[in-house]
Amino acid sequence: MVVLSKPAIEQCSFIRNCIPTTTTFYTGIPIIDLSKPDSKNLIVKACEDFGFFKVINHGVPRQFITNLESEAIKFFSLPLSEKEKAGPPTPMGYGNKSIGPNGDIGWVEYLLLTTNPDSCSHKFLSVLGENPEMFRSALNDYILAVKEMTCEVLELMADGLKIPTSNVFSKLLKDEKSDSVFRLNHYPPCPDFQALEDSNMVGFGEHTDPQIISVLRSNNASGLQISLRNGNWISVPPDQDSFFFLVGDSLQVMTNGRFQSVRHRVLTNSLKSRVSMIYFGGPPLSEKITPLPALMKGETSLYKEFTWLEYKTSAYNTKLADNRLGHFERIVAS
Ligand SMILES: C=C1C[C@]23C[C@@]1(O)CC[C@H]2[C@@]12CC[C@H](O)[C@@](C)(C(=O)O1)[C@H]2[C@@H]3C(=O)O
Ligand SMILES: O=C(O)CCC(=O)C(=O)O
Ligand SMILES: [Fe+2]
């Protein structure tokens with residue numbers, strides 16, 4: 001039996017007083033069933049209306065998901081000194097509370113990796129845990145299966161947009177030089193609510209993702225919120241069996257603003273640990289990010305021309321909440 005010390009009991013009463021007993025979950029999130037024939041049009045509609053949707057019947061083996069989740073839990077349960085052997089994040093590697101290079105702080109620890117199995121960021125794994133090979137293989141299985149499912153969704157999206165080359169997005173992720181990233185996040189339950197209250201700390205502050213598409217899976221702990229087009233924040237009901245897709249800044253540019261990247265954040269006040277795993281599908285560094293000609297019916301581009309390397313370099317000089325695309329918007333005379 002666990003006997004709580006007095007301060008811990010006090011914390012519990014604080015928790016009881018401060019946590020709303022019910023989180024109001026938004027029930028209108030678009031759900032895309034990949035086994036249904038109308039999914040391509042629903043994907044386009046969801047990207048236009050929300051920049052966000054949930055995918056079910058995705059075909060990613062449950063075993064790959066549970067294996068990686070249990071490896072992630074094992075990793076995050078290691079002593080801090082062990083985890084720190086894989087840090088600091090530069091930007092790949094283990095990070096704790098500090099997000100990115102510009103002073104953002106969150107109630108989160110994480111592991112950021114490149115997705116190429118041969119690339120050096122997986123070297124971080126070899127310094128960790130009792131069986132780094134199991135972690136490596138769980139990661140490779142998961143990333144491969146999620147990438148395949150993501151490409152299927154991107155091809156449906158291109159079809160839905162009536163773009164004649166349906167691999168226009170997926171080929172960027174499939175390219176061997178694709179600059180895709182993988183992230184494991186762990187949001188521990190808050191031990192010190194007062195500190196969190198005082199500092200207004202959140203799990204992961206509001207932002208948009210710079211890549212083409214982000215594919216997020218979490219355990220059944222709440223926390224994720226997205227901003228609707230009217231600026232209202234809504235709580236996303238967690239669903240450990242589904243994947244959430246988020247439109248990134250690069251897809252916003254490639255669709256000349258028809259899709260908009262979704263602002264999102266993670267709040268901390270759950271009593272439960274949240275573990276999330278996110279695949280950020282990005283293009284090769286040299287790729288020009290520009291509106292697709294097939295979508296430009298006489299319009300002009302809303303954005304200056306830039307490569308993914310230029311955008312990424314600029315993004316790494318911004319704070320999390322900044323409007324990163326702002327620097328690349330073209331002033332269009334009306
Ligand atoms: C504050 C930052 C963290 C971030 C790099 C940045 O300077 C701005 C973009 C951030 C973000 C958001 C999505 C992904 O989690 C991420 C890996 C990415 O590609 O851009 C993070 C960056 C990071 O944590 O290094
Ligand atoms: O952990 C989450 O659920 C979301 C995290 C996120 O938005 C990110 O890592 O970019
Ligand atoms: Fe994000």
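Residues are numbered from 1 along each chain as its sequence is written, and chains are lettered from A and ligands numbered from 1 in the order in which they are written. Because the model is predicted, local features need pLDDT of at least 70 and side-chain atom pairs count only at pLDDT 80 or more, while totals for chains, interfaces and linings use all residues.

**The sheet**

Let's start with the strands, which, like the helices, are DSSP runs numbered from the N terminus (strands E, at least two residues; helices H or I, at least four). Eight strands form an open sheet with mixed pairing, in the order E1-E2-E10-E7-E12-E5-E4-E3. Strand E1 (31-33) and strand E3 (93-99) each have a single partner strand, so they stand at the edges with one side lacking a neighbour in the sheet. From one strand to the next, the twist averages 25°. Two strands count as paired if DSSP finds at least two bridges between them.

| Strands | Sense | Bridges | A bridge pair |
|---|---|---|---|
| E5 and E12 | antiparallel | seven bridges | His 186 and Val 275 |
| E7 and E12 | antiparallel | six bridges | Ile 213 and Gly 281 |

How many residues of E12 are buried? Eight of its eight residues are (buried means 20 or more other C-beta atoms within 10 Å of the residue's own, with C-beta atoms placed from the backbone). One face of E12 carries Arg 274, Ser 276, Ile 278 and Phe 280, the other Val 275, Met 277, Tyr 279 and Gly 281, and both are covered.

Helix H3 (residues 62-76) lies across E4, E5, E7 and E12, running at about 115° to E12. Helix H6 (residues 132-160) packs on the sheet, where it touches strand E2 (52-56), E5, E7, strand E10 (243-247) and E12, and its direction makes about 55° with that of E12. Contact here means C-beta atoms, placed from the backbone, within 7 Å; axes are lines fitted to C-alpha atoms, for helices over the stretch in contact, and angles run from 0 to 180 degrees between N-to-C directions.

**Around ligand 2**

The residues around ligand 2 (C-beta atom, placed from the backbone, within 6 Å) include Arg 183, Asn 185, Asp 209, His 264, Ser 276 and Ile 278. Strands E5 (181-187), E7 (213-218), E11 (264-266) and E12 (274-281) each give two or more residues to this shell. The shell divides into five nonpolar, four polar and two charged residues. Asp, Glu, Lys and Arg count as charged, Ala, Val, Leu, Ile, Met, Phe, Trp, Tyr, Cys and Pro as nonpolar, and the others, Gly among them, as polar.

Key: A residue is buried if 20 or more other C-beta atoms lie within 10 Å of its own, exposed if 12 or fewer, and partly exposed in between; C-beta atoms are placed from the backbone. Two residues are in contact if their C-beta atoms, placed from the backbone, lie within 7 Å.
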